[in-house]
Amino acid sequence: MRNHFFKSLTPSHSPARTTPSHSPARTTPSHGLCESLMEENIEVAETLITKWDSASSSYADITPLFQDDRYEAKQYLKAVKDLQTAMDYFGTEHTNSQHLVRSQRLMQTAMKRLQREFHRILAENRTHLDPESISNRSSRNSVLTGNSDLEDDSEDDLRFANENVSEEERMSRSAIADLKSIAEGMISAGYGKECVKIYTVNRKSIVEEGLYNLGVAKTSYHHVHRMEWEVLEVKIKNWLNAVKIAVKTFFEAEKYLCDRVFWSSASIRESVFSEITKESALTLFGFPEMAVKSKKSPEKIFLILDLYEAIFNLWPDIESMFACESTASVRSLIDHSLTKIAESIRSMLVDFESHIQKDSSRTPVPGGGVHPLTRYVMNYIAFLSDYSGILPGIVADWPLMLHSPLPESFFGGNDSEENPLALRLAWLILVLLSKLDSKAEVYHDAPLSYIFLANNLEYIVVKVRTSNLKSVLGDEWIESHEAKVKQYASSYIRMGWSRVFLSLPENPMAEISPERARKHFHDFNIAFEEAYKHQASWIVMDSKLREHIKITLGKKLGTLYGEFYINYRARLENLYGNDSEVRFAPDDLGNYLSDLLHADGNSGGSVSSTSSLSSSPYHFHGGRHSG
């Protein structure tokens, strides 16, 4: 006599495969009636089971039991159920052991037939039960029902009764219903182990084949570690494409099928789903940690962020599908992978900050334009802000190690100090600004150093305003740094045009001698021409900032010179003629100023840097921002 199916897969009430007993039976009228009914059950079952015994019938050998309207199949399953009832009765009442032996022989024959049907349905409906079709149906059912609770197929049929359903889906639903009926019959008869084995072998091969076609295969850390970055980059991008399909198509489809086919037993469906998917899931989610273990330069952070983001976004689905104890190792692996990826990201951010601080380029940017380091760092930080959905959690428990208090302008708004991502990105910008302050010192001309600082800070502010950094840092951060740009512009005007302003009298309307007035015009001509020629190659990259500087300078210079010009031009020309020293009309000054500070489109990009960051200021390796 064969043993019962293992405990975890056998319902506690299952009386299957009862061993015959030779104890004497009680004889009562009701007992006799029950025995008569049980004998009738055996007779009916024997008729149907023998009819569909492929060993004794060529018709049964070539004809599927589950076909057309399933009437014969339903009768067969009912006969098996009644046969089980008879086996339970004779085994409990300890009566005629010949009935029990006969019942067991018939049950074995019936189970062989059901195993054959189960295998045939799985094999013949492979295309109708493909993961993509099943996952689409699963998603649609979740939307229609509003939840993921299991429902009987009869309810599912009612829900779609008045809806147009494709032939493909009808065949799929029919196959699932047949598999479910057979599984229930075999499990209740104590043949759950055989049923589960057929199912898991078939479906596991589909999952493994699907992941293999997606490029997911077992590998080792040493193999990954030896890969050139270009090869690993391709592997990571392939994984990113594969992981969503694996979870949302293959694993979700198997979960859906297991929940329907083994609807009657939670323990069985959990065990079956684990057996089918766990090995593939461990292979799939084991790769990210291997990929991030190698030391990588900061530019590669975006592809690593993509890894984290992909897992993070899929985590609710993963946690729901792999919720049982038998798949706890999958959840544990993924949680561990997220931790290791987060550590790798933090490490790359530390390296990024270090590279900014160590940038050693000392060559001035022509005309005080935007430094390549500024472009690179701000592009990098702006791209980081695009990951605002995941980065706060990565940097939340990673405090800044500071040796002195931060300036007030560091915090953009009231909530910035409590926002871990805003704090971290604002700090990186502050590190850049500190480096730019030191680079401004290479300009021996103080006004040009202020042009340099204004250009670079304006570039930073514009980058923040026109990227996701605005939502991270806030309007107050932008406003405070815009004010700083205007301070740099004012310093440039004050220092760059000081000799021009000093060449004019403090009060242009005050009465002075013609000779002294002529001397002021003479000094102004020299100072203005020198300032204009000296600043001919200086540039302001941003058009709005350039206009702001010109308007501010024009108003200040125009007021002083214009009033002085109106008050003394005519008198000096009458006294000195062509030697009056009045060379510029107020409109002439405006024309000259309009030609100043124009960028040629190339300035700021020709300066090389010894820093690994600035050496390639526009290219990031991998991730959504690769270019």
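In this tour, two residues are in contact when they have heavy atoms within 4.5 Å of each other. Keep that cut-off in mind at every stop.

This is a predicted model, in which local features need pLDDT of at least 70 and side-chain atom pairs count only at pLDDT 80 or more, while totals for chains, interfaces and linings use all residues. Residues are numbered from 1 along each chain as its sequence is written, and side-chain values use heavy atoms, with hydrogens and water left out.

**The whole chain**

Start by showing the protein chain as a cartoon. Helices (H or I, at least four residues) and strands (E, at least two) are DSSP runs, numbered from the N terminus. Of the 627 residues, 49% count as buried. Buried means under 20% relative accessible area, exposed means over 50%, and partly exposed is in between, using a 1.4 Å probe and protein chains only. Among contacts between residues at least 6 apart in sequence, 83% join residues at least 24 apart.

**Helices 7 and 8**

Now select residues 167-188, helix 7, and residues 192-213, helix 8. Their axes come within 7 Å and cross at roughly 145 degrees. Axes are lines fitted to C-alpha atoms, for helices over the stretch in contact, and angles run from 0 to 180 degrees between N-to-C directions. Which residues of the two helices meet? Ala183, Met186 and Ile187 in helix 7 touch Gly192, Glu194 and Cys195 in helix 8. By class, this contact has four nonpolar residues, one polar and one charged. Here Ala, Val, Leu, Ile, Met, Phe, Trp, Tyr, Cys and Pro count as nonpolar, Asp, Glu, Lys and Arg as charged, and the others, Gly among them, as polar.

Stay in helix 7 and pick Ser172. Is Ser172 buried or exposed? Ser172 is buried, because its relative accessible area is 5%. Leaving aside neighbours within four places in sequence, Ser172 is in contact with His128, Leu129, Ile134 and Arg137.

**Helices 8 and 10**

The axes of helix 8 and helix 10 come within 10 Å and cross at roughly 170 degrees. The two helices are therefore roughly antiparallel to each other. For angles, under 35 degrees counts as roughly parallel, over 145 as roughly antiparallel, 65 to 115 as roughly perpendicular and the rest as oblique. On the helix 8 side, select Tyr199, Arg203, Ile206, Val207, Gly210 and Leu211. Facing them in helix 10 are Ala246, Phe250, Phe251, Glu254, Leu257, Cys258 and Val261. This contact divides into 10 nonpolar, one polar and two charged residues.

**Into the core**

Click on Phe251 next. Phe251, Phe118 and Phe262 touch the most other members of the largest nonpolar core, which has 179 residues. A nonpolar core is a set of buried Ala, Val, Leu, Ile, Met, Phe, Trp, Tyr and Cys residues joined through side-chain atoms within 4.5 Å. Not counting residues up to four places away in sequence, the contacts of Phe251 include Val207, Leu211, Phe273, Ala281, Phe285 and Met321.

**Helices 11 and 13**

Select helix 11 (residues 266-293) and helix 13 (residues 328-358), whose axes come within 9 Å and cross at roughly 10 degrees. That angle makes helix 11 roughly parallel to helix 13. Among the residues making the contact are Phe285, Gly286 and Pro288 of helix 11, and Leu333, Ile334 and His336 of helix 13. Sorted by class, the contact has nine nonpolar, five polar and three charged residues.

- Arg120 lies in helix 4, residues 97-124. Arg120 counts as buried because its relative accessibility is 18%. Beyond neighbours within four places in sequence, Arg120 is in contact with Pro64 and Phe66.
- Arg70 sits in the loop between helix 2 (58-62) and helix 3 (71-93). Arg70 is not a glycine, although its phi is positive, about 70 degrees.
- Leu597 is found in the segment after helix 23 (586-594). At 2% relative accessibility, Leu597 counts as buried.
- Arg226 lies in the loop between helix 9 (221-225) and helix 10. Arg226 is exposed, with a relative accessible area of 61%. Arg226 and Ser294 are 68 residues apart in sequence and 9.3 Å apart in space, C-alpha to C-alpha.
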